[in-house]
Amino acid sequence: MSQPGPPAEASPERPVPVCRDCLARGPARPGRRCSACGSPRLLDHPELDALAIAHVDCDAFFASIEKRDDPSLADKPVIVGGGKRGVVSTACYIARTYGVRSAMPMFKALEACPDAVVIKPDIDKYAAEGRRIRQMMLDMTPLVEPVSIDEAFLDLSGTQRLHGASPAVTLLRFARRVEEETGLGVSVGLSCNKFLAKIASDLDKPRGFAIIGRAEAESFLAGKPVDIFPGVGRVTQERLARDGVRLVADLQRFGERELARRYGEEGLRLARLARGEDRRPVRPERETKSISAETTFDEDIGDLERLLPTLLRLSEKVARRLRRAGFAARGVTLKLKTHDFKTRTRARMMPPTQLAARLYEAGRELLARECDGTRFRLIGIGASEIVPGDDADRGDLVDTKAARQATRERAVDALRDKFGGEAVMNGLVFSARRRKD
Ligand code: TTP
Ligand code: MG
């Protein structure tokens, strides 16, 4: 990692350090200080100029925006949250020293920190800041993959010529630019892949910049608990714990073959991650041609049975829009936002369809896999891979039901067009509602 690192002397193999404050590059002064400005905030790492995958996450995002907009709050503990949900959205770093954390009930937070200033969230304002910062990311590279309102992955491979600097230096300039232009702090993690970059961005918060090099990845991970891996939730963790696996080192000891034997595909994935390998590319946000519907809950829901009626309602909405537009979908995408604002999207392909029942079935399969105890604040379903609707749901020898279902859903459309949205409660919604009652 970048800090504390090995000695800062330059050598033929080792890149010269760069100052995080004045951005000057040069051998460090004694005491590991910048030779130009004297700052101790030096970035110094053997792989400094070789790494190009970054994860950027804003510091105490909502709270920092509120503090910036009201300078009288600068030295006070600030909590953003409350409202209908009655929980902390985020707390500034001063409030965190009292133990206040995201998702804590507000009354508990105020017990811990009675002097905190509580501010109601203004999501539109925060989203606008998020977009501004994202634009600055896009000035560095087109390969920006947003993860949530305040974080994104970036791939800066091949940008050295364009910026006249290695990705590390370009990112330092970016962090400074964000501070100057928005008054907000960001933390950057730099590594060779998304998995490690994401971990790195958390290591040195706030105003952080941490590097995890390829060479040190395995030893760095060894002592960490297995929930450091993306997608390892409570259920997987418990399963692994039953086999005596708690730390990444335990997985490293098993090795790839044994993990594959025990856990199949997932075992292979874990084996790779345990070595610090992650081949997922940074996927830029694209204008996807899709038709989708989503909804945010008043309270977070983690229970599959309670999520299904909403999924069905949304599937019906999407299917209806598809039919109206004369399209069918060959893909369905499930979107979830977790209680802590992480977005999950899961997708699968299927024969072209315009049917709510089909979208719902596909969505339900995807959703069932995500219900691992996580609570969700938002659910959405989207029809993707849009094709002309002519050949959709014709039914064949195997599936004669599809054609009947299509006729039925179209008849319901016609009635609803005539008498309004709730006029017809179709059998699907009806049975899902009954299950809920
Ligand atoms: P985070 O990046 O998780 O948190 P943060 O930016 O406040 O703090 P950190 O410096 O640790 O990154 O989330 C970004 C924003 O999302 C956060 O400012 C508020 C919101 N949020 C919630 O509303 N509820 C939650 O439970 C979490 C975790 C975040
Ligand atoms: Mg953040």
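**Exercise 1. Find how many aromatic pairs the whole structure holds, and classify the one formed by Phe 62 and Phe 341.**

Step 1. Apply the criterion: rings of Phe, Tyr and Trp (its six-membered ring) pair if their centres lie within 6.5 Å; planes under 30 degrees apart count as stacked, over 60 as edge-to-face and the rest as tilted.

Step 2. Search the whole structure of this predicted model. Four aromatic pairs turn up.

Step 3. Take Phe 62 and Phe 341. Their centres are 6.1 Å apart, with 90° between the planes, and the pair is edge-to-face.

Step 4. Phe 62 lies in helix H1 (residues 61-69), and Phe 341 in the loop between strand E12 (327-338) and strand E13 (343-353), so the pair ties together parts 279 residues apart in sequence. Helices (H or I, at least four residues) and strands (E, at least two) are DSSP runs, numbered from the N terminus.

Residues are numbered from 1 along each chain as its sequence is written. In this predicted model, local features need pLDDT of at least 70, and side-chain atom pairs count only at pLDDT 80 or more.

**Exercise 2. Classify the pair Phe 195 and Phe 229.**

Step 1. The ring centres are 5.6 Å apart and the planes stand at 55°, so the pair is tilted.

Step 2. Phe 195 is in helix H7 (residues 194-201); Phe 229 is in the loop between helix H8 (217-222) and helix H9 (234-242).

Step 3. Both Phe 195 and Phe 229 are buried, meaning under 20% relative accessible area (1.4 Å probe, protein chains only).

**Exercise 3. Name the residues of the aromatic cluster that includes Tyr 126.**

Phe 61, Phe 62, Tyr 126 and Phe 341 form one cluster.

Methods:
Chains are lettered from A and ligands numbered from 1 in the order in which they are written. Side-chain values use heavy atoms; hydrogens and water are left out. Buried means under 20% relative accessible area, exposed over 50%, partly exposed in between (1.4 Å probe, protein chains only).
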